[in-house]
Amino acid sequence: RSHLAAVDYRVHELLLRQERQERTTLKLIASENFASSAVLEATGSIFTNKYAEGYPGARYYAGNEIVDELENLAIERLKALFGCEHANVQPYSGSPANQAIYRALLSPGDKVMGLPLPGGGHLTHGWAVNFSGTDYKRVPYGLHEKTQQIDYDRLRETAKRERPKLIWVGGSAYPRVFDYAAMAEIASEANSYLVADIAHISGLIVAGAHPNPVAHCDVVSSTSHKSIRGPRGGFILSRNEDRYQALYHSKSKYNLARRIDRAVFPQLQGGPHMNVIAALAVALQEAANPPFRSYGQQIVKNAKALAQALLDRGYDLVTGGTDNHMLILDLRDRPLSGKAYAERLAKAGIITNFNMVPGDPRHPALTSGIRLGTPAVTSMGMREGEMVQIAAFIDLVCRQPNDPDAHACVLRDVADFCAAFEVPGITDR
Ligand code: PLP
């Protein structure tokens, strides 16, 4: 840290300000977390200097014996944690991982089914402005109008009619468990690849707090920086063999695992970020330890407690609650937009993001919802009792959205509230 202060006081000052913000506010963004000091140390290590284009044992640069060992360690840890046949740890992040999956499985113009953004899907699952929506034919699938959960019966009908080559299961704003077995049946009936995107829930899966899709899916993609608490990055898990090789890829001499590796490098990326792969290996070591299991289970307990406390205060939640780490406040009947509430909450030290809700009448840049997630506050050591207090803070702000004095008061109370907890990577160094 002293080196940074000496070389660049402006970046150092920004870093100190960001640290202070993270120590004194409630991080309720469902996709964020606190990586441990060990993970941060590996991310900032000299592995950042090494070029290692290629894969272990087959690099295009010399001097890679050590990083070969490192990458193999990360791969073996992933395979053991998720029980999969093949793992690629080189994707720079979640979106590049998904891009590689498109390249490995499809040709431009092929049909792709995914949950649309307002239903909780991700941009890369076939949203109009994303490459997945412009380069492929998108067939969105919907939610049940009443339950606001995936309508598996309608999905089956659509898949049988449309016969997409790929079906995504996963999302960024879906607060319920995914039924991977049902999705696998539907995908098989339509001769579709089934790909799970577990970016948000990979930590919950490792902790046994959400079912593992690996046995049901052809491919699984993830980020490494959300509930699994690693560095910013991505990974892809898959089977070795392609069950549709004869149908869709008869001309390729490569099996599924090789096609994914080749899509990542050399088709889409260059040199892997070895410092990030080192940090991923560290995060996976942490995730294999028993405390990670209680952390993952506590994330869900906290989300359920926060949901209940908000329901008790008269708030509506998409699907009426949560099974995982996130909940979506449905603010359609409130006077302001999701964006306006998120801005007010931030002024009071409660950091969230605004989010579309199913049937949202507002523009995606305004929305009628707020997404809340519990991974970061759980990493700080908070439990169900603290969730009740957090609901009270949220309610204080939302009940008085136009009272800056009230927000300033909550801001101070939130800072006092946070001071009682360790913040991994910040207060434990
Ligand atoms: N997939 C899902 C389900 C996500 O929620 C996200 C990120 O929010 C991604 C993929 C993309 O990850 P990244 O932002 O690292 O590209």
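Started with the annotation: UniProt, in an unreviewed entry, puts "modified residue: N6-(pyridoxal phosphate)lysine" at Lys226. I'm working on a predicted model here.

Where does Lys226 sit? I found Lys226 in the loop between β9 (219-223) and β10 (234-238).

Buried or exposed? I get 27 C-beta neighbours inside 10 Å for Lys226, so this residue counts as buried, the cut-off being 20 or more.

Next I listed the contacts of Lys226, skipping its neighbours within four places in sequence. That leaves Ser31, Asn33, Ala199, His200, Ser202, Gly203 and Pro375.

Then the ligand. I count 14 residues around it, and Ser93, Gly94, Ser95, Ser172 and Ala199 come nearest. Ala199 I had already noted as a contact of Lys226.

Which helix gives the most to this shell? That is α5 (residues 94-105), with 3 residues. Sorted by class, I have 12 polar residues around the ligand, 1 nonpolar and 1 charged.

Moved on to α8 (residues 180-189), where I marked Tyr180, Met183, Ile186 and Ala187 as buried. Looking down the helix axis, I see these buried residues fall within an arc of 125°, so they line one face of α8. Ala181, Ser188 and Glu189 are exposed on the other side.

What do the buried residues of α8 pack against? I traced them to α7 (152-162), β7 (166-170) and β8 (193-197). Just past the end of α8, I noted a positive phi of about 55° at Asn191.

Last, the chain as a whole. UniProt lists residues 5-394 as "domain: Serine hydroxymethyltransferase-like", again from an unreviewed entry. Over that stretch I get 43% helix and 14% strand, with the end C-alpha atoms 36 Å apart.

The C-alpha trace spans about 65 × 55 × 35 Å along its principal axes.

How much of the chain is buried? I get 51% of the 429 residues.

Key. Residues numbered from 1 in each chain as written. Predicted model: local features only at pLDDT ≥ 70, side-chain atom pairs only at ≥ 80, totals over all residues. UniProt positions renumbered as here; feature names shortened; annotations may be inferred. Helix = DSSP H or I, 4+ residues; strand = E, 2+ residues; numbered from the N terminus. Buried ≥ 20, exposed ≤ 12 C-beta atoms within 10 Å, placed from the backbone. Arc of directions from axis to C-beta. Contact = placed C-beta atoms within 7 Å. Near = placed C-beta within 6 Å. Nonpolar A, V, L, I, M, F, W, Y, C, P; charged D, E, K, R; others polar.
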